[in-house]
Amino acid sequence: MNTLTILALSWQHILIVAVLLVLLFGGKKIPELMRGVGSGIKEFKDAVKEEDKPGAEKKSPSTPTNDNSSSN
């Protein structure tokens, strides 16, 4: 059995999901949710591109050292 056919969605499935989204969130909330998803995907892609740049080095977080050897 082909795995892709198991995961494939027909137009009926997409319609049912769309109706459920409208019922759960309402028509005004859906565009706001989609904007949030889109901006999250964009930030993720930008982070992946920046990490893949040659010369980009991972900086380890620097820990401050306490030189309080002469405490009163």
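This report describes the helices, surface and side-chain contacts of a predicted model.

## Basis of the model

Because the model is predicted, local features need pLDDT of at least 70 and side-chain atom pairs count only at pLDDT 80 or more, while totals for chains, interfaces and linings use all residues. Residues are numbered from 1 along each chain as its sequence is written, and side-chain values use heavy atoms, with hydrogens and water left out.

## Fold and helix packing

The chain has three helices and zero strands, so that its elements run α-α-α from the N terminus on; helices (H or I, at least four residues) and strands (E, at least two) are DSSP runs, numbered from the N terminus.

Helices α2 and α3 pack at an angle of about 110°, their axes lying 9 Å apart, where axes are lines fitted to C-alpha atoms, for helices over the stretch in contact, and angles run from 0 to 180 degrees between N-to-C directions. The two helices are therefore roughly perpendicular to each other, a term for angles of 65 to 115 degrees, whereas under 35 counts as roughly parallel, over 145 as roughly antiparallel and the rest as oblique. On the α2 side the contact (heavy atoms within 4.5 Å) is made by L21, V22 and F25, and on the α3 side by K29, I30 and L33.

## Surface

The accessible surface of the chain, from the Shrake-Rupley method with a 1.4 Å probe, comes to about 7400 Å², of which 62% belongs to carbon and sulfur atoms.

V17 lies in α2 and is partly exposed, at 46% relative accessible area.

## Salt bridge

The structure holds one salt bridge, defined as a side-chain nitrogen of Lys or Arg within 4 Å of a carboxyl oxygen of Asp or Glu. This bridge pairs E32 with K29, whose closest N and O atoms are 3.4 Å apart. The two residues are three apart in helix α3 (residues 29-52) and are therefore separated by about one helical turn. E32 is partly exposed, with a relative accessible area of 46%, and K29 is partly exposed as well, at 37%.

Conventions
Buried means under 20% relative accessible area, exposed over 50%, partly exposed in between (1.4 Å probe, protein chains only).
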